[in-house]
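Dear colleague,

Please find below the structure that I am handing over to you.

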Amino acid sequence: MSPLRNVRSWLDQRFGWDDLIAPLRKKTVPLHRLSYWYFLGGITLFLFVIQVLTGILLLLYYRPGANEAFESVQYIMTRVQFGWLIRSIHSWSANLMIFTAFAHMFSVLFLKAYRKPRELTWVSGVLLLFLVMGFGFSGYLLPWNTLAFFATKVGTEITGQVPIIGKPMMIFLRGGEEVTGATLTRFFGFHVAVLPGIATVLLLLHLLLVQRLGISIPPKLEVQWTANPSAKREMKFFPNFLLRELMAWYVALGVLGVLAAVFPWNLGVKADPFVPAPAGIKPEWYFLFMFQTLKLIPPKVWFIDGEILGVLAFGLVGLLWILLPFFESDQPSRTKRWITGLAVFALAYVAGMSVYGHLAK
Amino acid sequence: MAILQNKCWLFSAVRQVGLAGFVVLAACLGFGQTTNSCLDCHSALPDPLGVSQEKFSQDIHAQKGLTCASCHGGDATSDDPDKAMSRKAGWKGKIDRKQIPQLCGSCHSDPAYIRQFNPSLRTDQLGQYRTSVHGKRFAAGDTKVAVCTDCHSVHDLRAPSDPRSTVNPVNVANTCSRCHADASYMKGYPIPTDQFAKYSTSVHHQALAVRGDLSAPTCTTCHGNHGAAPPGVDKVQNVCSNCHAFQAQMYEKSTHKKAFDAASLPGCVVCHGNHGIGHPSDAYLGTGPEAVCMRCHTPGDRCDQARVGLQGGLSRLDEAIKGADQILRVAESSGMEVSEARLGQDQARDSLTKARVTIHSFRTDLVDQDIQAGLKIASKNLQAGKGAMVERNQRRVGLGISLIAIGIVLVGLRLYIKKIES
Amino acid sequence: MTGDQLSQPGATRRSVIGIFLGGGLLASFASFIYPVLRYLVPPAVADLGGDEIVAAKLSELKPNSGKIFRFGNRPGLLIRTASGEYRAMSATCTHLSCTVQYRDDLRQVWCACHNGKYDLNGRNISGPPPRPLEGFEVQVRGDEIFVRRRREA
């Protein structure tokens, strides 16, 4: 028997391996002209794994603390063998992951994969998206450079605008009234322990649900294929789709390598709380659409302070976004047009505002 | 007439009570201030008799409790113009220009008096003034020269530390230029009137007025303020040496000092100018329009040859530093970390600055020492930059290898997929 | 695989794929693992210690002398006073950023650019400098002199 078969037999005798992976063997992926979008979830997962691995490696040398954080990152970039590579991959992969997470969310939105019975998959997914942005926000501060310092200052300041709970929330985030070394320590704790813990649980739930419920079929196709089962075209997940996913993952690896080697992530200048904020400070690109929106809201709308209104509005939108599936019809033939319209608007808004925010002074 | 007398008595009684009441009222209104009734009328009068309350409140004398009468005499407490401006009360009227230094000096040269207000304020201004060009001409009867109020202003005289004061360092040049840049006013005096125009183009002006560096020199720094006079041809380098100590030390020991003194040439000014001192450049040592050496020296002589050596050394070091900067810039923009080498470049630049200072010794051997030190540092940084570029290229090679491996896997996967699906 | 199987065209194709896939996977894994393995080995210089460095050895400085050392990205000045005490401060002049030096004849810190002078505590006492030099903490441990930034409150 081949070595692989030996191992399988050994596992089966101890874990009931064959029964465990039986559903996986039966899993299929619907085939249609939009099937390529199904890769996005897997790529996001892959990039997350890359983050965990490179993150653990960085943990071996990184020191959290206002005195040493910047220098430890500088040490990683200059003295540690291939430290520049690990760190640059971590930074680039973070940005790519956030992008693919958004893309995955929008593709699910447009393909209406959030419909019954997959509401909880959507809920866990949106929560994961928020977590991923939290990862980005907390991780950005860790090198303790000027840009990160002031971006964190502005970001947490905006959180403080929420009525009633805003100020306590801000103090909780900052570990005090101002952004200091305590904030760095706290963000480090969030980034390497709290967020990964929550994310792991949600991710497992998300993946379990995907496994149990299978891959969703776009509504129109679902109607057609229910009426005419012989027209259904699908591909086995294992090994066919998985091999293709593997190709996508390898391409992602190549892209990461090029980005890390040709455009290494820069170090910046060590943060100095006493230096005035540089002009035109902006958050990272994935927060730009919110930031730009807040900048455009007039200082006072009616009697409400403009910024508070903006923050509350985004909070409301976030909440409704989580609950979106519950507004949708559970009949594939009668999906709601207004949700599609909303999806188009949301995509246009996020993309447009991000570009605007990038180009604005 | 008894009735009239009674009425007169009543009248004067009423007037006394009214006046007393008014005085009490005025005292209450002027709470905390010395009564200065002069401004009641004079604040409403047009120039030249007008002094507004607002203007006078800026004056440091007013803030210290002095009144108009302190200088002009008279009675500042009285509302009656006749009483207030009575000669018997010592009223002087408009102070004649010829009296001004004496008048100001009557307090400001009295240490015991000034000590009551500001114990650390100097009291030698009048004495200094008498030694100045202004003071000497004034004593000889020239009333066009500056007296105290011309520079310090009057009625809104501010302390020199006040940025709005006419004698605050940032404003001094403007104050002096009011006369010294006025060609028609200065007609009849044998001095030029282009000093302010020249100074405005200088590095010192740039530092002081534009950058706000209060340590930069203005007219009074070199000429003195109360004892204002040009430093004297053979003492110029003493003045410059107060800040430019190293250059002056070098110059003192150099051959140029003896030569310039013998020819009654004003030291530093010969090459650098006095008012329009620009940023010196290595071109001073050249043969172009900015050349200073060649104004005196003969082409081809021993000194000219030394000049060539000096200029050559400086430009060699400058080139070396620029070259290292260039490669470090490229390395940095490719993502290489070169902060240590960049710090080393600062050291190299320090060497170049030092070499440029040593020029003032006019000795090629001394300058060469600094040049060599700088070249060593610059070359080390150049090597660091080259090393960074080598590493950068190695990274790209490594990337290429891994991309090839990835490519092979992709091809393999494609083939495998094709195979199992055929 | 038996000899019969090898002689079939399918077998050649299989082995080509096998070479591509197997070789490619091996090569790509190697190109991933190699940097990681190198990364795990700690570098020779154990510390880039942000806020603390060894400025000099105990025997290096004689009394009444100074030494310029690198602190982060800027120069620092370590002084051993005539009485044997150590002082450390930033060596960047607060006037126009020239590098200052210790003058053993003046027993003061001096800036050659415009004759600025600082006392042994870094306070600007004469000439153009508008602000004192940032002071650092000095700690002697064993035979090494450590210089550290003042702790923020």
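A residue is called buried when its relative accessible area is under 20%, exposed when over 50%, and partly exposed in between, with a 1.4 Å probe and protein chains only. A:Asn95 has a relative accessibility of 11% and therefore counts as buried.

This is a predicted model, in which local features need pLDDT of at least 70 and side-chain atom pairs count only at pLDDT 80 or more, while totals for chains, interfaces and linings use all residues. Residues are numbered from 1 along each chain as its sequence is written, chains are lettered from A and ligands numbered from 1 in the order in which they are written, and side-chain values use heavy atoms, with hydrogens and water left out.

A:Asn95 belongs to helix 5 (residues 83-110) of chain A; helices (H or I, at least four residues) and strands (E, at least two) are DSSP runs, numbered from the N terminus. Leaving aside residues up to four places away in sequence, A:Asn95 touches A:Trp265, A:Glu284, A:Trp285 and A:Tyr286, where contact means heavy atoms within 4.5 Å. With A:Trp285 there is also a polar contact between the two side chains, at 2.5 Å. Such a contact is a pair of N or O atoms within 3.5 Å; within protein, one must be able to donate a hydrogen and the other to accept it, and residues adjacent in sequence count only if both atoms are side-chain atoms.

The C-alpha atoms of chain A fill a box of roughly 70 × 60 × 35 Å along the principal axes.

Yours sincerely
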